[in-house]
Amino acid sequence: MTHTSAPQNPRPKKRDVHGWLILDKPEGVTSTQAVGICRRLFNAQKAGHGGTLDPLASGILPLAFGEATKTVGYVMEADKDYVFTIRWGSSTTTQDREGAVTGESAVRPAREAIAEALKGFVGEIQQTPPVYSAIKVNGERAYDLARDGEEVELQPRTVVLHKAELVDCPSEDLAVIGVTCGKGFYIRALVRDLARKLGAEGHVAALRRTRVGAFAEDAAIQLPILQQMSDKAALDDTLVPLETALDDIPALAVTDEDAFRLKQGRSIVLVPRQVESVKARLRPGSRTVSATSGGSVVALCEMRAGRLEPSRVFNL
């Protein structure tokens, strides 16, 4: 007598889902974990994120699905807003509340001194990333080497701090600061350097990202709310179009024929008035143009000598 095992329920086929989810990431979840959770919720074929957020941090973590993953690079380049709290009195290995204490001090900087010292960090500055960071050193992550007790020496890099203001001092031990910064800026490194400048010890006690480029808090959705949605249509309604990530890239409507050429990876010729229209809207030093047809983005292109050459083609 032969026994046949009961047929296993096949896994549901992954879906073609396209667009951005503006996730309000909770503390205690890594960016990679957040991508995995949301990808399963949407049963999406492809997903990624637009800029890592530390596990101890909360706030805006833009998640890209499907064709939107082709725009991740543009989101990574975007300016970001953070609000964070410094706890004075001790510095740590990780420059946040998770690390082991490396130094202690009774110095508690005055409100006026903090506000004045912050001014010195605004603009284009040289910043040495924290040892506990995802930067690669000889092919390995700096934080892995640091955890293994190895000496890690990272080189300073040029970063931009557009704005910094002291928001509040709830007590002599705490300072709440809001900043707008460019790509590659580390809040933990700013806190380390600010404490040093003030002759104090300090670390990040709380960190929240409130904006990434066009993605802001008012449009964000919390993970528990997503997890309560059982209807795929309701989940899909939480997504914003992939074009949202390209809001500062000039868009140019092209004919159906030109859209077809771009999708085949071929360049198209622009008429002089199109060239002038695009030039007037390009960011300094940028040649990137978003070609649209029928209200949808067809391709991201580089404008060269009156032609659009496709660099990213979208299959929507």
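**Close-up 1. Arg111 and its partner Asp168 in a predicted model.** Let's start with Arg111, which is partly exposed, with a relative accessible area of 40%. The side chain of Arg111 meets that of Asp168 in a salt bridge, N to O at 3.9 Å. Arg111 sits in helix α3 (residues 111-119) and Asp168 in strand β10 (residues 157-171), so this pair ties together parts that are 57 residues apart in sequence. Asp168 is partly exposed too, at 33% relative accessible area.

**Close-up 2. Asp24 and Arg208 in a salt bridge.** Here the two side chains meet at 2.7 Å, N to O. Asp24 belongs to strand β1 (residues 19-25), while Arg208 is part of strand β12 (residues 202-212), so the pair ties together parts that are 184 residues apart in sequence. Is Asp24 buried or exposed? Asp24 is buried, because its relative accessible area of 12% falls under 20%. Arg208, at 22% relative accessibility, counts as partly exposed.

**Close-up 3. The surroundings of Asp24.** Apart from neighbours within four places in sequence, Asp24 is in contact with Gly59, Arg208, Ala220, Ile221, Gln222 and Leu223. A network of salt bridges links Asp24, Arg208 and Glu217.

Close-up 4. Arg196 is exposed, with a relative accessible area of 59%, whereas Asp193 is buried, at 19%. In the whole structure there are 16 salt bridges.

Conventions:
Residues are numbered from 1 along each chain as its sequence is written. This is a predicted model: local features need pLDDT of at least 70, side-chain atom pairs count only at pLDDT 80 or more; totals for chains, interfaces and linings use all residues. Side-chain values use heavy atoms; hydrogens and water are left out. Helices (H or I, at least four residues) and strands (E, at least two) are DSSP runs, numbered from the N terminus. Buried means under 20% relative accessible area, exposed over 50%, partly exposed in between (1.4 Å probe, protein chains only). Contact means heavy atoms within 4.5 Å. A salt bridge is a side-chain nitrogen of Lys or Arg within 4 Å of a carboxyl oxygen of Asp or Glu.
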